[in-house]
Amino acid sequence: MTVRTDLFLFVLALGCASLACRFCGFWIMRFVAITPRVEAALRATPVAVMVGLVVPAALRGGVVELAGIASAGIAMKLTGSDLLAAVIGVGVVAVGRSLQLAG
């Protein structure tokens with residue numbers, strides 16, 4: 001197995017950029033007063049991220065992706081756990097793709 005130096009450096013640079021964004025976010029939040037409005041925005045962020053990930057998959061996806069979204073929605077309704085729902089949805093898509101059910 002050969003290691004591509006350019007690809008390794010690219011991934012390393014992306015990791016550093018991601019880490020810098022996280023650290024800067026935590027640093028900036030030290031200076032922000034947590035008002036009810038800011039708290040509501042922070043609580044809504046995970047939902048907004050999930051919607052940003054799911055909607056493109058739903059629009060471009062086939063039967064397998066729609067089954068994954070549906071199963072995640074059902075799991076969320078039954079368990080109330082967003083993490084468990086996400087794991088179940090990803091699992092359904094992974095199994096569907098491994099069985100080559102995707103068109």
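## Salt bridges

A salt bridge is a side-chain nitrogen of Lys or Arg within 4 Å of a carboxyl oxygen of Asp or Glu. By this rule, the predicted model you see here has three salt bridges. Let's visit them in turn.

Arg4 and Asp6 pair up with 3.1 Å from N to O. Arg4 is exposed, at 51% relative accessible area, while Asp6 is partly exposed, at 46%. Next, Glu39 and Arg43 form a salt bridge whose closest N and O atoms are 2.8 Å apart. These two residues sit four residues apart in helix H2, about one turn of the helix. Arg43 is exposed, with 61% relative accessibility, and Glu39 is partly exposed, with 34%.

The side chains of Glu65 and Arg97 also meet in a salt bridge, at 2.7 Å from N to O. Glu65 belongs to helix H3 and Arg97 to helix H4, so this pair ties together parts that are 32 residues apart in sequence. Glu65 has a relative accessibility of 12%, so it counts as buried; Arg97, at 48%, is partly exposed.

## The largest pocket

Now look for the largest pocket, with a volume of about 630 Å³. It is lined by 24 residues, and the closest to its centre are Met50, Val54, Ile69, Ala72 and Ala86. Helices H2, H3 and H4 each give two or more residues to the lining, with the largest share, nine residues, coming from H2. The lining is made up of 16 nonpolar, four polar and four charged residues.

## Confidence in the model

The chain averages a pLDDT of 89, and 98% of the residues score at least 70. Among the elements of the chain, helix H1 has the highest mean pLDDT (93) and H2 the lowest (86).

Terms used. Residues numbered from 1 in each chain as written. Predicted model: local features only at pLDDT ≥ 70, side-chain atom pairs only at ≥ 80, totals over all residues. Heavy atoms only, no water. 1 Å grid on protein atoms, 1.4 Å probe; cavity = no way out; pocket = protein on both sides within 12 Å on 5 of 7 lines; lining within 4 Å. Points joined across faces, edges and corners; volume = space filled by probe spheres on them. Nonpolar A, V, L, I, M, F, W, Y, C, P; charged D, E, K, R; others polar. pLDDT = per-residue confidence, 0-100. Buried < 20%, exposed > 50% of the residue type's maximum accessible area, 1.4 Å probe, protein only.
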